[in-house]
Amino acid sequence: MTMKEAEFYKKLNDKKVHCTLCPHSCIIENGETGICKVRMNVNGKLKNLLYNNPKKFYLRKIEDFSVYHVKPWSYFLGLDVSGTNLVLKNDDLYNPEEDETISLPSAKVYSEAEKKKATGIILNEDEPLINYEYIKEVLKKSDKINLLRTYGYVEEEPLLELIPYLKGVVIDIKSMTPDFYENFYSADLDDILSNLKLLKRHNIWIEVFFEILPNMDESVYDVRKLTAWILNNLGAETPLHIYAKDNTKIQDTLKKMRKTSMDAGMYYVYLDLPNFDEGRSTFCPNCKKIVIERKSGAIINSLLDGRCKCNREIEGIW
Ligand code: SF4
């Protein structure tokens with residue numbers, strides 16, 4: 001295990017430290033970790049315990065990461081890291097240090113991406129941002145298309161420092177009900193939403209991933225609320241991916257959710273269901289024709305320089 005002194009913390013009296021990486025704002029006693037259990041106070045200094053130790057890396061098609069508007073059908077190097085700062089309250093079993101990790105210095109990530117001819121690198125689950133010092137180096141060393149998949153619960157300053165090295169972000173929104181974040185994770189939804197606005201202001205490409213909860217009534221309301229929020233703050237061109245783990249019995253409801261969101265004005269709402277190619281396809285908001293057709297195991301991309309045949313520009317990184 002490799003440790004590295006953390007960025008974004010303050011030293012306090014009695015060898016305590018104050019971590020300022022995420023809004024949990026943990027005050028950590030000597031020998032203890034913060035909520036994420038990735039950042040530890042070692043003798044009055046805050047250390048990242050998992051520096052250079054991700055879980056794994058692998059090459060996959062970009063669509064497998066629920067990214068539909070970045071270099072379709074190209075291969076990205078996915079990098080999974082351990083730990084999250086959205087830890088369920090009273091989750092005594094959560095311990096990222098017990099995860100199996102590998103030793104992979106940041107320069108090696110880029111050389112692996114080169115070797116595998118990856119179009120880009122995507123920092124993937126659990127929450128890459130809490131392995132901040134490591135992922136920052138990975139991003140700085142890569143001149144490829146760098147993407148981040150995140151829950152977005154981070155302070156503004158550390159996020160701003162990553163922005164010059166990022167092209168796009170996939171944000172996992174768990175709910176649009178503030179009580180949900182507060183009750184389950186002691187977190188504040190507003191912090192996440194304001195980070196999304198910040199990314200948008202800095203021209204970072206954003207795709208939103210929303211997982212439907214078992215409580216369907218709440219989710220129907222959430223999709224409406226999320227749609228309205230995206231339209232008002234990020235724009236209709238932001239792809240929204242609606243996802244449900246167990247989708248077999250609720251396919252009609254999921255299709256209705258997609259329709260509601262599109263009827264409200266969203267251009268690109270995706271739903272990955274069996275026998276529903278329409279849900280994976282990209283339609284031109286102008287002429288309504290399919291511009292990218294995604295079938296299982298194949299893609300037909302009819303974009304020309306990022307434009308539909310009707311000349312309407314389709315938003316994304318093509
Ligand atoms: S990154 Fe970890 S230690 Fe730092 S404030 Fe967030 S949860 Fe606490």
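The shell around the ligand holds 7 nonpolar, 4 polar and 1 charged residues. The model is predicted.

**Around the ligand**
- Cysteines in the shell include Cys19, Cys22, Cys26 and Cys36.
- Leu21, Ile35 and Ile130 are also among the residues around the ligand.

**Helix 1 and helix 2**
- Two packed helices are described by an angle and a distance, both taken between their axes.
- Helix 1 covers residues 106-115, and helix 2 covers residues 132-141.
- They pack at an angle of about 45 degrees, and their axes are 8 Å apart.
- Helix 1 makes the contact through Ser106, Ala107, Val109 and Tyr110, while helix 2 uses Tyr134, Glu137, Val138 and Lys141.
- By class, this contact has 5 nonpolar, 1 polar and 2 charged residues.

**Aspartate 91**
- Aspartate 91 sits in the loop between strand 8 (75-80) and helix 1.
- Is aspartate 91 buried or exposed? Aspartate 91 is exposed, because 10 other C-beta atoms lie within 10 Å, and 12 or fewer counts as exposed.
- Aspartate 91 and arginine 294 are 203 residues apart in sequence. In space, aspartate 91 and arginine 294 are 39 Å apart, C-alpha to C-alpha.

Technical notes: Residues numbered from 1 in each chain as written. Predicted model: local features only at pLDDT ≥ 70, side-chain atom pairs only at ≥ 80, totals over all residues. Axes fitted to C-alpha atoms, helices over the stretch in contact; angles between N-to-C directions. Helix = DSSP H or I, 4+ residues; strand = E, 2+ residues; numbered from the N terminus. Contact = placed C-beta atoms within 7 Å. Nonpolar A, V, L, I, M, F, W, Y, C, P; charged D, E, K, R; others polar. Buried ≥ 20, exposed ≤ 12 C-beta atoms within 10 Å, placed from the backbone. Near = placed C-beta within 6 Å.
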